[in-house]
Amino acid sequence: MEKRREKKRRFSILKQSGQRQGPPMADDQNIVKMQGIGKSFPGVVALEDVDFSLQKGEIHAVMGENGAGKSTLIKVLTGVEQPDKGTIFLDGKLVQVRSPQHSQALGISTVYQEVNLCTNISVAENIMLGREPYRFGSIHWRKMNEVARNALGRLNIDIDVTKPLGNYSVAIQQMVAITRALEVLSTKVLILDEPTSSLDVHETNLLFDVMRKLKSEGIGIIFITHFLDQVYQIADRITVLRNGRLVGTFEASSLPRVELVAKMLGRNLAELNEISKTRSEEEEEADVEHLLMAEGLGLAGVLNPVDLDLDAGEIVGIVGLLGSGRTEMAHLLFGVDTPNNGSLIMDGKKINHFSPSESLKIGIALCPEDRKAEGIVGDLTIRENIILALQARYGWFQFLSKPKQSEIAEKYITALGIVTPSSDQLVKNLSGGNQQKVILARWLATNPKVLILDEPTRGIDVGAKTEIQKLVMQLAEEGKACMFISSEMDEVLRVSDRVAVLRDRKKVAEFSGDVDEKTLIHTMAEEE
Amino acid sequence: MKQPSLLKRFRESRLFWPIVAWVIILLFNVIVEPGFFKLGVIEDPVYGKHLYGNIIDIFNNGAPLMLAAIGMTLVIATGGVDLSVGAVIAISAAMGAVLINPALGNKLITNDILTKNATNTPLPIIVLATLAAGTLCGLWNGMLVSRARIQPMVATLILMVAGRGIAQLITNGQIMTIYYTPYFWFGNGFILGLPVSIYIVALVFGLIWLLVRKTSIGLFIESVGINAKSSYYSGISEKNVKLLAYTVCGLCGAIAGLIYCSYVHSADGNNNGLNYELDAILAVVIGGTLMSGGRFSLLASVIGALVIWTFTVTVYSLGVPANALLAAKAVLVMVVILLNSDFAKKMVNRITERRGSHDKTAN
């Protein structure tokens, strides 16, 4: 019922905008037209030959996994980055967006998840900042408040504009940011970058009402989000990017959800039907005691309570789209964040104090998702990076001598096949795959019982990927309990004994033994 | 065969530039005043025979700065900064002076008592209290930075401003002159003909070097300075590493305060150790430690401190008025920072490249 109504509504919206603005694909309806955009950074091609168009009165969702190129596309449009190739047309005119200020002057505004306004001054001041009305050489407060109130009224929001912005919820703050964009900057193109990540259902709906209002006024909205539900709730068209390339632009009403997920992941559903089940059954275990047991482990606003067991010698794969809570779960298990719900039991003992150093002591290791920011210590040598966690466990005064350090480092350089002339190289000079191996070595040196690998193969070349997958399987054979988090379905299926699926910060299913990619994608997309 | 490799290693070592800078300043002095390096032996009524000369003075008077630079190195290596070193010097000096003051505990205070060469507090207590005061200051900074998560510059700014007030509160708003000969030994005494302060610096340097290089603390400090998040994820207690760095820095400031107060025979909350924090930061920068943290060298920082101190002495000896010293120092700062900047490196690269291409075309 719900779905049908939603579809109907969407249809009517399309019809409305269609009536008012003619056929949707007509060229003169495009406020923004980006053609053949290409952008490379040292070592990475962030965008390659991407076309994108935004029409008047359209809500256009941009979707893609990490590294798909969404943020680069937006940065190019807002002048933060200059494209290497391609052209941008605004209202049919060729433009070169030189800087974020320039893009604002052109009528392109961005509202981020974290509102960049001043929370300690009034709502009216925030809206009118830089455009305050003056009278007799001083600010005309009454007029300013009135203008601000009217501007908010345009979005059907009625709040006390003289109160500090900080008094209001994030949702209202976002509306204020949008109002400022409309009122002061006379925006034609509004970019909403993950605006709903910190909003609850009610607030999200409030925001959507505002978006619909703006849409009816002919403003083009680019909507970036990870939430599939919301995309289908509000977007007219969806552009899918993957690995810096355009997968396609689709009418939201004619793209089934599971197709969208498959496109984001780069899988072809038709092909998937033919993949045979290759995994063999694992022998059932009778005893209830598991090595690591999470019972209702969760953190409000971050991860809904999750039950998960991990046993020695097995690999549990975790799949889910970006923002589904996979990394958040890894952080909770490793003690980076302290859960406020449920319990975590390791070796039969309940963990009370959550921190990485505590996890290190009891034998839980994490290879973090963001290798550069959370993994390597770039300006230290490979040797120092490898012994870092072990040394942290030994403490301040039990210092590993240099020969001992070298011995450990050499052992793992050989064991994991790290390609380097010497263990005294700085780790930042290594390739991504080798850096990943160094982090793996860092943890293996501490001899952990549980190894959590968050996207261990991201951004590394195919050969190194296979090597790391093999390594993980080998480690499990040696009796380590591994958790393998990845957005690449096929590698999860290849290495895992069990697969758990996360969606919208919840664990929605767990498959043991036989499961195929199609089932997983359907589960991730919430369609049976 | 070994000779060139040793030379090359020295050229690539982080000690190279600070030493070059120091040698240049020393050479300049010799040119201006040929007798600059002359050392002599003098008989002192209190401390006996000892060496005297410009170099001895530089080491003796530069001791507080060298100590401050040693402490500052650790703090900067963690990615922080300690702006309160000068204030800590003032607080420690005030602490020492007030304990020495014979008026302490006397009900009836006369001029006679105040200027007496005696004190009611045992010397070890005076020294310990001085050191404790500075260490406590460092601990406070460390708590603010590591536990309260206040940005280092802001956190230590609090003590930088408040510290001088605290120092004046301790001395009751007075510039306190002290008359207690045993205490003067720290800043004026001699052992085997060399100033005591040199031995103190050497001892502190040695102990802290052992602390950071013979335990894992040095590695952790560098690791935290390069990437605090990765370090935390590796199980390093990043908070305690920072706390330790600031505390040690406070202790170094206290020892500097002890020598300083002993040398000038007084405690002045407003002027003791004035601008020492800035000189210490500069010394660390000259020593090649990045302000963003990471790899550090204690020895390079000490040489950096010597560069600054020698520079200061040189400027004075040239007859530049004291109030113009800051301007002269600013020039030094500018040169050092420009040489360290990416801009300068790019320029140097461009010049060498151009020369390279020029050579090619010439051929």
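## A tour of chains A and B

Start by selecting helix α13 of chain B, residues 276–286, which is mostly covered, with 9 of its 11 residues buried. Buried here means that 20 or more other C-beta atoms, placed from the backbone, lie within 10 Å of a residue's own. Helices are DSSP runs of H or I, at least four residues long, strands are runs of E of at least two, and both are numbered from the N terminus. Before going on, note that this is a predicted model, in which local features need pLDDT of at least 70 and side-chain atom pairs count only at pLDDT 80 or more, while totals for chains, interfaces and linings use all residues. Residues are numbered from 1 along each chain as its sequence is written, and chains are lettered from A and ligands numbered from 1 in the order in which they are written.

Show the side chains of α13(B): the buried residues include Tyr276(B), Glu277(B), Asp279(B) and Leu282(B).

Next, select α6 (123–147) and α7 (152–170) of chain B. These helices pack at an angle of about 145 degrees, with their axes 8 Å apart; axes are lines fitted to C-alpha atoms, for helices over the stretch in contact, and angles run from 0 to 180 degrees between N-to-C directions. Which residues of α6(B) and α7(B) make the contact? Among them are Trp140(B) and Leu144(B) of α6(B), and Ala155(B) and Leu159(B) of α7(B). Contact means that C-beta atoms, placed from the backbone, lie within 7 Å. By class, this contact has 7 nonpolar, 3 polar and no charged residues; Ala, Val, Leu, Ile, Met, Phe, Trp, Tyr, Cys and Pro count as nonpolar, Asp, Glu, Lys and Arg as charged, and the others, Gly among them, as polar.

Now look where the chains meet. The contact takes 20 residues from chain B and 24 residues from chain A. On the chain B side, α10 (217–226) and α11 (228–233) each supply at least two residues.

Finally, move to chain A and its open sheet of 6 strands, in the order β18-β19-β20-β15-β21-β22 with mixed pairing; two strands pair if DSSP finds at least two bridges between them. Strands β18(A) and β22(A) stand at the edges with a single partner each, so one side of each is left without a neighbour in the sheet. Zoom in on β21(A), residues 498–503, which 6 bridges join to antiparallel β22(A). There, Leu502(A) stands opposite Lys507(A) in β22(A). Last stop: helix α11(A), residues 326–334, lies across β15, β18, β19, β20 and β21 of chain A, running at about 150 degrees to β19(A).

Notes. Contact = placed C-beta atoms within 7 Å. Buried ≥ 20, exposed ≤ 12 C-beta atoms within 10 Å, placed from the backbone.
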